[in-house]
Amino acid sequence: MSGKAQSADDIIAELAKSPVDDSMKVDKKICSGGKSYPVHLSFDDGPSPTITPRVLDILKKANIKATFFISTESLVKGKPKDINARKELIERMKREGHTIGSHSYAHIEHANSTTTSQQSMMENLKKSFVEMDKLNLPKPLPFRFPYGSGWNVESVPANQKMANFAMNAIKGAGYYPFHWDIDTKDWSKIKRKALPVSALEQICSSKGGVMLMHDVHKWTADNLPVLIESVRQSGHTFVSEPEIRDYSENRASKPLVSLADHLGGPQGCVYVGHLDRAGSKCNTGNNRNTGNTEGVQ
Ligand SMILES: [Zn+2]
């Protein structure tokens, strides 16, 4: 040690050598009444040649089937090497039993009449449909509007009109809207710091549902194992997209219901094990009405 005062540049250089620890610890939150719920993982904005392989490895190890919403522009634009890598990743998703959906072409707000014209929105959708068709996936397919702008109920009449138009366009092309219930905020460097607690709290408050993540952020891949472990430690169960298909399909046009209520009956049920077991238990006549003292709130 020379005793010499550090300059600002020295301090910055030192900080750069020891980056902030961005990793999370496994957490646990038991929902009120000890209830546990079904959760479905979904990933937007990919595939990323560097991040998506890591996400797929983690999901495989955890035996979880997720949904990937493809930014279809990325299958056309960019370096040929990256385009090929993205297409190969989509083939891997298919092989490993994941669901693949469209996240439109360009990442625009479909129901924002001040930034998007009806014509440009339609052109954008058509470009996405063309790229999706090349993937040879059986329809119907899920569709996720960027920013949720297309299924959210808009307070501006012009935007509501745009949302209706966009909804009709995707349905007419063989897609169904696929919303999210639980936002991990992995898109925000500040807000994601609250995870996994905020994700676990959202699972309790929304009684399970679809979790929003993005397979383009290093942080997401770094922390996915902890998030999965935290969800499981809290007693919840991961479900696949085919298991919840009619739930997501109906969400945009019907009153909101929780995934647990949708799967388990009008009053919801306690999910204690695998969905198949719990679902059949909840769907018996007794449980759907008054017989299920364990699960009825
Ligand atoms: Zn997005």
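A residue is buried if 20 or more other C-beta atoms, placed from the backbone, lie within 10 Å of its own, exposed if 12 or fewer, and partly exposed in between.

This is a predicted model: local features need pLDDT of at least 70, side-chain atom pairs count only at pLDDT 80 or more, and totals for chains, interfaces and linings use all residues. Residues are numbered from 1 along each chain as its sequence is written.

View 1. Strands (E, at least two residues) and helices (H or I, at least four) are DSSP runs, numbered from the N terminus. Ser102 counts as buried because it has 25 C-beta neighbours inside 10 Å. Beyond four places in sequence, its contacts (C-beta atoms within 7 Å) include Phe69, Ile70, Thr72 and Tyr175. Phe145 lies 43 residues away in sequence, with 8.4 Å between the C-alpha atoms.

**View 2. Packing of α2 against helix α7 (residues 218-233).** The axes, lines fitted to C-alpha atoms over the stretch in contact, have angles from 0 to 180 degrees between N-to-C directions. Here they come within 9 Å and cross at roughly 20°. The helices are therefore roughly parallel (angles under 35 degrees). Arg54, Val55, Ile58 and Ala62 of α2 meet Ala221, Leu224, Pro225 and Ile228 of α7.

**View 3. Confidence along the protein chain.** pLDDT is the predictor's confidence in each residue, from 0 to 100. Its mean is 80, and 75% of residues reach 70 or more. Helix α2 (residues 52-62) is highest, at a mean of 98, and helix α10 (residues 275-282) lowest, at 29. Residues 265-297 stay under 50.

Methods:
Contact = placed C-beta atoms within 7 Å. Parallel < 35°, antiparallel > 145°, perpendicular 65-115°, else oblique.
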